[in-house]
Amino acid sequence: ASPPHPVSQVEKILAKMSEEQGLLLNHEEGITPEKTQEQQKRRRAAKALIAASIFTTIFMVVEIVGGYWADSLAIMTDAAHLLTDVAAMLLSLFAMHLSSRQATNNMSYGFHRAEILGALFSLVAIWLLVGIIGYEAILRLVADAHFVGETVDGRIMTVIGGAGLFVNIIDALILNWGNAPHGHSHGHSSHGSHGGHGHGHGHTDHGNINVRAAFLHVIGDCLQSVGVIIAALVIWLGNWFTYHELRVQKSYYNLADPIASLIFGIITLFTTLKMGKRTVDVLMEKVPDDIDPQAILREFTEIPGVERVHDLHIWSLTIGKVSLSAHIISNNHLETLIAAQKICMQHGINHTTIQIDPLGSHCKQSVH
């Protein structure tokens, strides 16, 4: 009888490994617990974005009317911020829908990067809005300093600012619910005789990046609402106790309105910098911050029979979807391949392509 084919041996061993870890393999239909969990997470994120966008749109109209009535720049800029929030949430929904499409011959990695592009556009919208708010605040600051600015009704500002804070807190709770992470691990793998391809789900889930970006929008709105309330109280109480009137044009208390817009606009900008860095890191295919490539290289080289590792690449398709490719020179292909896949799964790397090269291959060692 002919000896068993090495490919069938690999498949049998890996199937046994998968059963021991309680994994479900169905390559024909592509149904795995990982995909089911991801679909549930997407549906939850979509529900959160839809609810938050509806809630925000309603209050945005209230702020536009109230800001015009009170002649408050802080309220009007907050309403403009809400408009970008709604646009960003709708864009995020579209990006999530696009990223869920199946891979094609020309888009072999699928459309996962659509989430990153949507999040980046949302962040850029925030940065542009902060620039516009800052410019308008400076103009109003100069006008109020020369007593030629608009009079402001601090009482209306206080009411609208308080209502805005309440709405933003509700939005934040909704989006936080839609972005709730999960913390278990699972995976599946399929391998060839000299190469491997695997999927696993790490122990840390970063949630949905588009919901995270929308959440940052709302946090910025919360800060803006706090600024509106503080400025409103300064104007209202200052003008009332000093001039015994609610609206006074020649009053330095009116400066609180543009100052609040300027300060909290800058704070909003800084709250988005970390997310901006993460999106750029993904687009530049940087190694994720929670993965140590040198540690993985060291663990690969410590596998019995491994002579050298080269062309080790680690990157992310989107937040939480880490990929790895590597060439490993070894005299024991089967055991090396299985051990390397285990190492990747332990590090939460869910998409791997590992090629086992025979001894004597001459390639420079590199880590990326």
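Is Thr272 buried or exposed? Thr272 is buried, with a relative accessible area of 0%. Buried means under 20% relative accessible area, exposed over 50%, and partly exposed in between (1.4 Å probe, protein chains only).

## Model and confidence

This is a predicted model: local features need pLDDT of at least 70, side-chain atom pairs count only at pLDDT 80 or more, and totals for chains, interfaces and linings use all residues. Residues are numbered from 1 along each chain as its sequence is written, and side-chain values use heavy atoms, without hydrogens and water.

pLDDT is the predictor's confidence in each residue, from 0 to 100. Its mean over the protein is 77, and 80% of the residues reach 70 or more. Among the elements, H8 has the highest mean pLDDT (95), and strand E1 (residues 186–191) the lowest (39). Residues 20–31 stay under 50; the model gives them 16 contacts beyond four places in sequence. Residues 182–204 are also below 50. That stretch has 80 contacts in the model beyond near neighbours in sequence. Contact means heavy atoms within 4.5 Å.

## Overall fold

The protein has 9 helices and 5 strands. These are DSSP runs numbered from the N terminus: helices are H or I with at least four residues, strands E with at least two. From the N terminus on, the order is α-α-α-α-α-β-β-α-α-α-β-β-α-β. Of the 368 residues, 49% are buried.

## Helices

Thr272 lies in helix H7 (residues 256–283).

The axes of helix H3 (residues 73–99) and helix H6 (residues 209–243) come within 9 Å and cross at roughly 170°. That makes H3 roughly antiparallel to H6 (angles over 145 degrees). Axes are lines fitted to C-alpha atoms, for helices over the stretch in contact, with angles from 0 to 180 degrees between N-to-C directions.

## Nonpolar cores

A nonpolar core is a set of buried Ala, Val, Leu, Ile, Met, Phe, Trp, Tyr and Cys residues joined through side-chain atoms within 4.5 Å. The largest has 21 residues; Ile296, Phe300, Leu312, Ile314, Leu324, Ile328 and Ile354 touch the most other members. At least two residues each come from helix H8 (293–301), strand E3 (306–318), strand E4 (321–330), helix H9 (333–346) and strand E5 (351–357). Another core, of 18 residues, lies apart from it and includes Leu82, Met157, Ala231 and Phe264.

Beyond four places in sequence, the contacts of Leu324 include Ile296, Phe300, Trp315, Cys344 and Ile354.

Notes: Angles under 35 degrees count as roughly parallel, over 145 as roughly antiparallel, 65 to 115 as roughly perpendicular and the rest as oblique.
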